[in-house]
Amino acid sequence: MNTILRKSILGIAGLAFTGGVFAGPVAAHTDTPAHAAAKPVAVASVQGEQSRITLNDEQTANAKAIIAATKKAGLPERAAVVSIATALQESKLENLGHLGDKNDHDSLGLFQQRPSSGWGTPEQITDPEYSTLAFLKGLKQVDGWEKMPLTDAAQTVQVSAYPDAYAQWEKQATDIVNQHWTK
């Protein structure tokens, strides 16, 4: 029985990996004008316990870059919340380069996107604007992302082996967007 359970878990992990290999978008840039809004983002229903980290200057700059790219893409604050929560989970808002043996395959940047999955070149993926626009391109392809739980929207784009992990960052991501969206 233990062997069967282990093979089942490994099979599910393999499917998640395979999905990630083929899920990355090919191009990310858009010429849509920036979206402007003045009121705070409402958190519809935060799922589960929330995590929070103290951001350093680099992490704050990366969060601001995600917000700027979201505006450039013409998307609302909710897209920035989903993006920042995803980046908090994937990299703690640190623009990660190749980590050698500690790296998950060839994952790079704020969103741990993979060149081998079509997200872009290593140089592109480690550019906060490009990687955010690539993530947002994938998000826009998810029907109803605006109304679905954050973790479901993020998981549909990211195809993570830990699909529920994004939810824990929703409150902090919302706070970051509320603090920096109009600045």
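1. A quick note on confidence to begin: pLDDT is the predictor's confidence in each residue, from 0 to 100. Over residues 1-38 pLDDT stays under 50, and the model has 54 contacts (heavy atoms within 4.5 Å) beyond four places in sequence for this stretch. Across the protein chain the mean is 80, with 70% of residues at 70 or more. Helix H1 (residues 2-23) has the lowest confidence, a mean of 40, while H2 has the highest, 98; helices here are DSSP runs of H or I with at least four residues, numbered from the N terminus.

2. Some ground rules: this is a predicted model, where local features need pLDDT of at least 70, side-chain atom pairs count only at pLDDT 80 or more, and totals for chains, interfaces and linings use all residues. Residues are numbered from 1 along each chain as its sequence is written, and side-chain values use heavy atoms, with hydrogens and water left out.

3. Now to H5 (residues 128-140).

4. Where H5 starts, a side-chain oxygen of aspartate 127 comes to within 2.9 Å of the backbone nitrogen of glutamate 129.

5. Leucine 139 deserves a look: leaving aside residues up to four places away in sequence, it touches Ala79, Val82, Trp145, Ala153 and Val157. Leu139 is also buried.

Terms used. Buried means under 20% relative accessible area, exposed over 50%, partly exposed in between (1.4 Å probe, protein chains only). Helices (H or I, at least four residues) and strands (E, at least two) are DSSP runs, numbered from the N terminus. A polar contact is a pair of N or O atoms within 3.5 Å; within protein, one must be able to donate a hydrogen and the other to accept it, and residues adjacent in sequence count only if both atoms are side-chain atoms.
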